[in-house]
Each structure stands twice: as C-alpha cells, then as structure tokens.
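I opened this model to look up a few things in turn, beginning with the ligand and then moving on to the helices and the backbone. My notes follow.

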Amino acid sequence: MNNKYPIHSIGRLRMGTDGEGIRTLVFLSGCPLRCKYCFNPATWDGSKEPKMMTAEEVYSKIRIDRPYILATNGGITFGGGEPLSYPDLINEIRSICEPEMTIYAETSLNVSWVNIEKTADSIDKYYVDIKATDPEIYKAYTGGTLDIALDNLVKLIQRKGADSVVVRIPEIEGFVDVEKQEESRDFLHNMGVRRFNLFKYKV
Ligand code: SF4
C-alpha cells in the first residue's frame, strides 16, 4: 500500500458534475489519447508536475469531507487524464474508504481490458467518453483507435450491466455535428448502451 500515484489535483465538494451527491474528484495524470480540444491537457502535456501520493494520502484529503459526502449519498470520482491507467490506486482507495461511498470513473475506456477487469468490483459507475463512433473521426479527434474503446465497452456492459454505464457523446465543432452525434447514439444503443449524455462541447 506504499505505492505512489501521479495526482494532478483533487477537487473537493463538487456537486452536479461528476455524479450523485457531494463528491471528491481525483484527477490522475497521464492519458493515452491526445484529444484536439482536451479539457485538461495539463494532465499529460508536461506543463504541470503531478504530485506523487499514496492511496492513504489521497484518502486523507477525501476524508475531510466525509460527513457531507455520506449525508448526500455521494462519493469519489476518478478522472484525469485516464484514471483506469491506475487500477491499483482505485482498488486501494476502495479498500480503505467507507463502504457507503460510491466510486465512479470518468474514462475513455481506451486502456487494456486487464485494467478494467481488475477494478470492476471497486467501481460503481462509469462515465464513458466516446467522442464519435466513426473510426476516422475518432482517430482524427483523439489520435487513438476506436475499436479498443468499443470492445471494452461491450465487455464492460456484460460485466457490470447497462445501468452502470453512462456514455457521453459531445457535439464538437469541426468534428461531430448533431447528425453524427445522433448516429453515434443509435450505433451504441444497438450495442447495448442504455444511458446517454449528449451535449455540446464548448471549444
Ligand atoms: S481522453 Fe480526456 S484527458 Fe485524455 S486527451 Fe481526451 S479529453 Fe484529454
């Protein structure tokens, strides 16, 4: 439990953006993708040195807000960057936090399935960013391979159930218009996704 993990920042007392109740958002550094309009490039572009912290040190920051988190059925959300690059941190936090706290992850799912499987019992809900289901648009926008994310999405729904997965599909100027956004939703619905969040991404 003395492993250290690269923490970009920790956002306390968040409401309405990262899941139910009052939540602490733990931003991890590092991401396998390079989205054109990344909302948090400082997690991977070297402009901010991450702080190396143990799970216990991270949880000591979360514990401060324990009464508010528990009173609102809130919890911890891991974001980034790509939090599923650090499965051991998520599992260690699960093992030391109150069982009533929910653990959510904001992820592209563009990671090894091994990492997803390893954390599946620790995470209650996933917010999955699928920028587009057209492989060329996905590649052009993220620099990554769509198949990896979609294969993992199918396996995740089988493993955790469709209710545990919310897929976020942004409208992105110059890449994804409303028509493409709706095409993506229909495509993913046919794959078994049942919960969506469609929104306009402000570049
Ligand atoms: S997946 Fe998220 S953190 Fe990674 S490059 Fe894209 S927007 Fe940025």
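I noted at the start that the model is predicted. I looked up the residues of the shell around the ligand by kind and found that they divide into six nonpolar, one polar and one charged. I then wrote down their names, and the ligand is surrounded by Cys31, Leu33, Arg34, Cys35, Cys38, Phe39, Trp44 and Gly81. I also checked which space the ligand takes, and that space is the largest pocket.

Next I turned to the helices. Two packed helices are described by the angle between their axes and the distance between the axes. For helix H1, residues 55-63, and helix H3, residues 87-96, I found that the axes come within 9 Å and cross at roughly 55 degrees. That angle makes H1 oblique to H3, and I recorded the crossing of H1 and H3 as right-handed.

Last, I went through the backbone, keeping in mind that most residues other than glycine have a negative phi, and most peptide bonds are trans. I found that the peptide bond from glycine 80 to glycine 81 is cis, with omega near 5 degrees. Glycine 81, which I had already listed around the ligand, is found in the loop between strand S4 (75-79) and H3. Leucine 13, whose place is in strand S1, residues 5-14, has a positive phi near 55 degrees although leucine 13 is a residue other than glycine.

Note on methods: Residues numbered from 1 in each chain as written. Predicted model: local features only at pLDDT ≥ 70, side-chain atom pairs only at ≥ 80, totals over all residues. Heavy atoms only, no water. Near = heavy atom within 4 Å. 1 Å grid on protein atoms, 1.4 Å probe; cavity = no way out; pocket = protein on both sides within 12 Å on 5 of 7 lines; lining within 4 Å. Sits in = over half its atoms within 2 Å of the grid points. Nonpolar A, V, L, I, M, F, W, Y, C, P; charged D, E, K, R; others polar. Axes fitted to C-alpha atoms, helices over the stretch in contact; angles between N-to-C directions. Helix = DSSP H or I, 4+ residues; strand = E, 2+ residues; numbered from the N terminus. Parallel < 35°, antiparallel > 145°, perpendicular 65-115°, else oblique. Left-handed = near helix turned anticlockwise from the far one by under 90°.
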